[in-house]
Amino acid sequence: MRLLPRSLTGRLLVTAGGALLLGITVSASVIAGVFGHFVLQTLDLRLDTEIALITRTLDRNPDHPAAALHAGDLPPFDQPGSGWVWEARGPFGIVRSVSLGGQALSLPPDPLSDRLRDPPPAPPDMPRPGAPFGIADALRLHGMPPDLRPMDGRDAQGHAVHYRVAAFGQGAGQVTIVTAAPREIVEQPLRAAATPLAESVLAMGGIMLAALAVQIRVGLRPVVRLRRMVAEVKAGRLRRIAVSEPTELVPLVEELDGLIVANENAVAQARTHVSNLAHGLKTPLASLKLDLADAPGAEGARLRLLVETMERHIRHHLGRARAGGGVASPAVILLPRLQDLAEALARIHAESPCHADLDVPSDLHVRCDPQDLDELLGNVLDNAWRHAAGRVRVTARADGKRVRITIEDDGHGLSDAEIDLVTHEGRRLDEQSAGMGFGLAITRELCALHGGSVMLERSTLGGLSVTIALRGA
């Protein structure tokens, strides 16, 4: 199973989004924890204030602590069932807040609970009653940390309770004071804050994710522009890639430009080599063709056929030199080429009553070497002109990314069997006369070199229909 997308944008979004989600989750947890800590601190402060008040009352009223404590009960410790309760144990006995309603305070299971219920005897150096004496001082005398002990548990009804406990010496004995409040006081604000906190965190995450998407889009824009420019070079509309930023892409652009230059030089050398070789062979072949023009018999015909085959191979490799090597073919406007070919063929076949109807959009382009385009269209048009009774029709239309050029004539045409025969490379219906043969083979080869194709079928005019498909611009 693939964890990361294939695209660079997808990878950046997934990894950054995952890190963002983790960061938001941790941040929300920390914020909730800090908020809960402050709420709990506030609750502890309220309970510690009650302990301090009870301690001061005991110090000032050592003889009648119970009456003084009950008289000093402040809300909500004086409201039965409020959950805010306290209990004091010492030489004076056990005194409970009014809110307990005479019931014992439930302490949670804790190692300190036994010490609270059975406190050790007071040390001999306790201060005299009524002397200024703080809770922290009392705890230090007993070897305990100078702070109050927090605990959490449940009361007799099973409700969550938060406790604060202090143990210190007072007069002739040990005094323990326990204050408690419902844990709901802490949890309720947390629940109330959870929804706005979650909404705020999600909104912040959405904004950050949108900003991240914009950042990735802006950051990858030079890569998209570079891809488009490479496509323009491939299509032949640009010769070089001109990108100066971002600086990280400049070395890549320089390497690409160097590769383009090296490719162009290699193609140019190959063209020159093949062209020189072809031209070097053309002259001897032309002389040989003249010498064999009047050669009688089957042997003469066989030799003439071999010369024509050699000429066809030379044209083929010249075409490969022009179209190969990975160099993009230029965009050529189709209509002017067809008009020039029609005018030339009308002069060449001046004795023929044939005329050409061109139905070609003026802005239609094809991707093909101009010389190859003239040759492949010229071969098919020349064949149509020679076999037409009086009309040649040329239509061209864009078909997606391709351009389809159909050349038809109103001649006698070919049967399905004959079409199948001339489709085979190098085959001709009549070896003794000019006609559909090597011209079609060369046309097919040139089309293939430029990523095109040729299809033969019967025309609605009565003759042959040849459809040439080439890449559009």
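Predicted model: local features only at pLDDT ≥ 70, side-chain atom pairs only at ≥ 80, totals over all residues.
Biologist: Switching to rings. How many aromatic pairs are there?

Modeller: There is one aromatic pair in the structure. Phenylalanine 77 and tryptophan 84 have ring centres 5.8 Å apart and ring planes at 85°, so this pair is edge-to-face.

Biologist: Why edge-to-face and not stacked?

Modeller: It comes down to the angle: planes over 60 degrees apart count as edge-to-face, and those under 30 degrees as stacked. The planes of phenylalanine 77 and tryptophan 84 are at 85°, so edge-to-face is the label.

Biologist: And how covered are these two residues?

Modeller: Phenylalanine 77 is buried at 0% relative accessibility, and tryptophan 84 is buried with 14%.

Biologist: Which residues does alanine 181 touch, beyond its sequence neighbours?

Modeller: Leaving out neighbours within four places in sequence, alanine 181 is in contact with Leu43, Leu47, Gly83, Trp84, Val161 and His162. Trp84 is the tryptophan from the aromatic pair. Alanine 181 itself sits in strand β5, residues 173-182, and is buried at 0% relative accessibility.

Biologist: How far is alanine 181 from leucine 47?

Modeller: They are 134 residues apart in sequence, yet their C-alpha atoms are 7.8 Å apart in space.

Biologist: Now β10. Which strands pair with it?

Modeller: Strand β9, residues 391-399, is antiparallel to β10 and joined to it by eight bridges. Strand β12, residues 464-471, also pairs with β10 in the antiparallel sense, over seven bridges. As for who faces whom, valine 394 is opposite isoleucine 407 in β10, and valine 403 is opposite leucine 470 in β12.

Biologist: What happens between β9 and β10?

Modeller: They form a hairpin with two residues between them, and glycine 400 in that turn has a positive phi of about 70°. β10, residues 402-409, is mostly covered, with six of its eight residues buried.

Biologist: On to helix α5. What is its span?

Modeller: Helix α5 runs over residues 184-235, which is 52 residues, and reaches 73 Å from first C-alpha to last. That is close to the 76 Å expected.

Biologist: Where is the kink in α5?

Modeller: Look at arginine 221: a kink of about 40° lies there, shortly before proline 222. Proline 222 is one of the buried residues of α5, which also include Val186, Leu212 and Met229.

Biologist: Last one: is alanine 293 in a helix or a loop?

Modeller: Alanine 293 is in the loop between α6 (250-292) and α7 (297-323). With 44% relative accessible area, alanine 293 is partly exposed. Its C-alpha lies 9.6 Å from that of leucine 303, 10 residues apart along the chain.

Terms used. Residues numbered from 1 in each chain as written. Heavy atoms only, no water. Buried < 20%, exposed > 50% of the residue type's maximum accessible area, 1.4 Å probe, protein only. Helix = DSSP H or I, 4+ residues; strand = E, 2+ residues; numbered from the N terminus. Pairing = 2+ DSSP bridges. Phe/Tyr/Trp six-rings, centres within 6.5 Å; stacked < 30°, edge-to-face > 60°. Contact = heavy atoms within 4.5 Å. Expected span 1.5 Å × (residues − 1). Bend = angle between axes of the 7 residues up to and from the residue.
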